[in-house]
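Let's walk through this model together, from single residues up to the whole chain. Keep the sequence and the coordinates open as you read.

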Amino acid sequence: MLVLPLLLPPAPPRSVTGEAQASQSRSSKLRWLGSARRTGCAGAVDVDECSEGTDDCHIDAICQNTPKSYKCLCKPGYKGEGRQCEDIDECENDYYNGGCVHECINIPGNYRCTCFDGFMLAHDGHNCLDVDECQDNNGGCQQICVNTMGSYECQCHSGFFLSDNQHTCIHRSN
Ligand SMILES: [Ca+2]
Ligand SMILES: [Ca+2]
């Protein structure tokens, strides 16, 4: 039985710089693919459509070269079959709210949780923690600062009452 040696074309230059070289290497690669198919050696020559940019993956997809073809996979945070990908709206479900305790903001490929005034985002990125305003300059209170959930209030020692600005105390005159 006659066994014909499998003749592979020379490898294309690995590091091509410049548009002229790149397109030259592309056209010769395509030529090789054609001859490989004609001679029935499918699979012997693989064209990396991903690195050549000849794939039709969506801009928000990851191109994966395979031995005979390529695959398009939507990036994390996107849904679709690869040729078409669209952002997942993590905030869409009002009940789940992206797992955010307060507010959920949808962004392309991701989402962010934010908190109402008087709260700060916890390290888990989802919970909201009360800001203790009294830790900072006594909350601006002249006498007593009382921290509350989502806010704070100023109070005064006996013999004083809180002024209209809710921060300073005025001595009660008899
Ligand atoms: Ca999103
Ligand atoms: Ca507070």
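Is Asn110 buried, partly exposed or exposed? Asn110 is partly exposed, because it has 14 C-beta neighbours inside 10 Å. On this scale, a residue is buried if 20 or more other C-beta atoms lie within 10 Å of its own, exposed if 12 or fewer, and partly exposed in between, with C-beta atoms placed from the backbone. Asn110 belongs to strand S6, and its C-alpha atom is 7.6 Å from that of Glu90, 20 residues away along the chain.

A word on conventions before going further. This is a predicted model, in which local features need pLDDT of at least 70 and side-chain atom pairs count only at pLDDT 80 or more, while totals for chains, interfaces and linings use all residues. Residues are numbered from 1 along each chain as its sequence is written, and chains are lettered from A and ligands numbered from 1 in the order in which they are written.

**Confidence and overall layout**

The mean pLDDT (the predictor's confidence in each residue, from 0 to 100) is 82 for the protein, and 74% of its residues reach 70 or more. Please take care with residues 1–43, where pLDDT stays under 50 and the model has 25 contacts beyond four places in sequence. Two residues are in contact if their C-beta atoms, placed from the backbone, lie within 7 Å. Where pLDDT is low, the predicted coordinates should not be read in detail.

The protein has 2 helices and 12 strands. These are DSSP runs numbered from the N terminus, with helices being H or I of at least four residues and strands E of at least two. Along the sequence, the pattern is α-α-β-β-β-β-β-β-β-β-β-β-β-β. Of the 174 residues, 13% count as buried. Among contacts with a separation of 6 or more, 19% come from residues 24 or more positions apart.

An unreviewed UniProt entry places the feature "domain: EGF-like" at residues 46–86 and 130–166; such positions are given in the numbering used here, feature names are shortened, and annotations may be inferred rather than shown by experiment. In the model, the span 130–166 is 0% helix and 38% strand, and its end C-alpha atoms lie 20 Å apart.

**The nonpolar core**

Which residues make up the largest nonpolar core? The 8 residues are Cys57, Ala61, Cys63, Tyr70, Cys72, Cys74, Tyr78 and Cys85. A nonpolar core here means a set of buried Ala, Val, Leu, Ile, Met, Phe, Trp, Tyr and Cys residues joined through C-beta atoms within 7 Å.

Cys74 of this core is in contact with Asp60, Ala61, Lys79, Gly80, Gly82 and Cys85, leaving aside neighbours within four places in sequence. Arg83 sits in the loop between strand S3 (78–80) and strand S4 (85–87).

**A hairpin and some exposed positions**

Strand S5 (residues 103–107) runs antiparallel to strand S6 (residues 110–114), and 5 bridges join them; strands pair if DSSP finds at least two bridges between them. Cys104 has Cys113 of S6 as its bridge partner. This hairpin has 2 residues between the strands, and Gly109 takes a positive phi near 75 degrees there.

Met120 lies in strand S7 (residues 119–121) and is in contact with Cys115, Cys128, Leu129 and Val131, setting aside neighbours within four places in sequence. Met120 counts as exposed because it has 12 C-beta neighbours inside 10 Å.

The table lists some C-alpha separations.

| Pair | Residues apart along the chain | C-alpha separation |
|---|---|---|
| Arg83 and His58 | 25 residues | 4.8 Å |
| Met120 and Asp132 | 12 residues | 10.0 Å |
| Asn110 and Glu90 | 20 residues | 7.6 Å |

**Two asparagines to look at**

Most residues other than glycine have a negative phi, and most peptide bonds are trans. Asn137 has a positive phi of about 55 degrees, and Asn138 likewise has a positive phi of about 55 degrees. Asn137 is in the loop between strand S8 (128–130) and strand S9 (144–148), and Asn138 lies in the loop between S8 and S9 too. Asn137 is exposed, with 9 other C-beta atoms within 10 Å, whereas Asn138 is partly exposed, with 15 C-beta neighbours inside 10 Å.
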